[in-house]
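Hello,

Here is the structure we spoke about, with notes on what was found in it. Please read them with the model open.

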Amino acid sequence: MDTAGTGTGPAPVGESRDDEPPKKNAKKRARRGPGPFTLLVLPGLVALMGVAGFLAATGGLSSAWPQGSSDPAPTATTRVDAAYVPWLRKAVSDCTVIKPSVLAAQIDRRSGWSNDAGALSGEKGIAGFTDAQWRTWGKDADDNGRSSPSDPADALMALGRQDCSLAKKVTDLRTEGVVNGDLVNLTLAAYASGTDAVVKAGRVPTEAEAYISEVKSLSSRYGSVDREESSGGTVNQAPGAVLAAPVANPVVSSPYGSREHPLTGVTKLHTGVDFASPQGSQVSAAMKGQVTFAAMTKAYGNRVVIDHGSIDGKRLQTTYSHLLSLQVTVGQAVDVGTPVGLVGSTGLSTGPHLHFEVIFDGYYADPMPWLNPST
């Protein structure tokens, strides 16, 4: 039984109990003066600690003495070796979705730019590739005769290669109507949770939201490494009624908004407007741009997607679905009024009509406010 604090237990060896009377014959201990430690060593320690405190306060203390977590968070310039910047830019130069700052933020979160941060988990280098992943994405990017995840140039290019591949997949999925959302978020979600998880959720899955938030927060540190955006193709207009009607005499048969799908019975967002129009009627481009998709899909049937550049830094796209036939090809430049296809009922459709969508900054928007009533 624990008797501590009860007054009944034995006193520790060499100590007297508070309730034990003092012994009469106990000799008084003589008071001793300060010893050699107090006289010689202690003043030196006090002086040394004072000098160290002064140096720490003035920034003169060597980095060999870590100062704990009170230091301010490192900035992009202290985290990224200047030699990495060209590789960050090159890694995503062929990818319009991911910017160098996002790539840098992924590295920051993964390893803090440390080449051995994930060594215990089998992840190697600043991008944290496993051996299996490296066999898929790794290459000798800097032509030094070896391909290694511990080579920063190789690692940056490999991560860019992986991200751009994921970006293409989620772009195609969104074009086909399988998923919805911002392409950067969908790409990061595919990286964090896998493409299958994104497809299953139809958007960013819940388990990937924290990762996306962290990466986007970190990316603000690395804005200076982003490539200069080309001004070519930029639309010098504010959002508004800037689109021409894609069919003659447009009559809305089903508006944008939540509805029960007439075939599947599922209630969800109707991502565009349906224009009732006779079979074989002409469908035209609503604005100048470039065709980025023109093919048959399961849900949308024959579908065309046109990229119109950016408005106030936000990308604008329009889509044309359920077409009877296609009259454009991927990569083709179009002007407003260029024929893109004929009204049909391909895909999941109950009859001839044009399903027309506006995608602004990665999200579906109600097309009607974008249509110029004079066209």
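In which loop is the place of serine 277? Serine 277 sits in the loop between β4 and β5 (282-284). Helices and strands here are DSSP runs (H or I, at least four residues, for a helix; E, at least two, for a strand), numbered from the N terminus.

Two notes on the source. This is a predicted model, in which local features need pLDDT of at least 70 and side-chain atom pairs count only at pLDDT 80 or more, while totals for chains, interfaces and linings use all residues. Residues are numbered from 1 along each chain as its sequence is written, and side-chain values use heavy atoms, with hydrogens and water left out.

Serine 277

Serine 277 counts as buried, at 13% relative accessibility. Buried means under 20% relative accessible area, exposed means over 50%, and partly exposed is in between (1.4 Å probe, protein chains only). The side chain of serine 277 makes a polar contact with that of serine 281, at 3.3 Å. A polar contact is a pair of N or O atoms within 3.5 Å; within protein, one must be able to donate a hydrogen and the other to accept it, and residues adjacent in sequence count only if both atoms are side-chain atoms. Leaving aside neighbours within four places in sequence, serine 277 is in contact (heavy atoms within 4.5 Å) with Val343, Pro352 and His353.

Aromatic rings

How many aromatic pairs does a search of the whole structure find? The search finds seven. Rings of Phe, Tyr and Trp (its six-membered ring) pair if their centres lie within 6.5 Å; planes under 30 degrees apart count as stacked, over 60 as edge-to-face and the rest as tilted. The rings of phenylalanine 275 and phenylalanine 356 have centres 6.3 Å apart and planes at 35°, so this pair is tilted. Phenylalanine 275 is in strand β4 (residues 273-276) and phenylalanine 356 is in strand β11 (residues 353-360), so the pair ties together parts that are 81 residues apart in sequence. Phenylalanine 275 is buried, with a relative accessible area of 1%, and phenylalanine 356 is buried at 0%.

Phenylalanine 356 also forms a tilted aromatic pair with tyrosine 320, at 5.4 Å centre to centre and 55° between the planes. That pair links distant parts of the chain, with tyrosine 320 in strand β8 (residues 314-326) and phenylalanine 356 in strand β11, 36 residues apart. Tyrosine 320 is buried, as is phenylalanine 356.

Elsewhere, ring pairs link Tyr84, Trp113 and Tyr222 into a cluster. Arginine 303 lies over the face of tyrosine 300, at 3.8 Å from the ring centre. A charge sits over a ring if NZ of Lys or CZ of Arg is within 6 Å of the ring centre and within 35 degrees of the ring normal.

Cysteines

A search of the whole structure finds zero disulfides, a disulfide being a pair of cysteine sulfur atoms within 2.5 Å. Cysteine 95 is buried at 5% relative accessibility, and cysteine 164 is buried at 18%.

Helix α4

Helix α4 (residues 100-111) has 12 residues, which at 1.5 Å a residue should span 16 Å; the end C-alpha atoms are 16 Å apart, so the two agree. The expected span is 1.5 Å times one less than the number of residues. Of the 12 residues of α4, 10 are buried, including Val102, Leu103 and Ile107. Glycine 112 follows α4 and has a positive phi, near 65°.

Backbone and loop

Most residues other than glycine have a negative phi. Histidine 322, in strand β8, has a positive phi near 65° and is buried at 5% relative accessibility. Asparagine 249 has a positive phi near 50°; this residue lies in the loop between α9 and β1 and is exposed, with a relative accessible area of 69%.

Alanine 248 is in the loop between α9 (209-219) and β1 (251-254) and is exposed at 62%. Alanine 248 and serine 284 are 36 residues apart in sequence and 9.1 Å apart in space, C-alpha to C-alpha.

Regards
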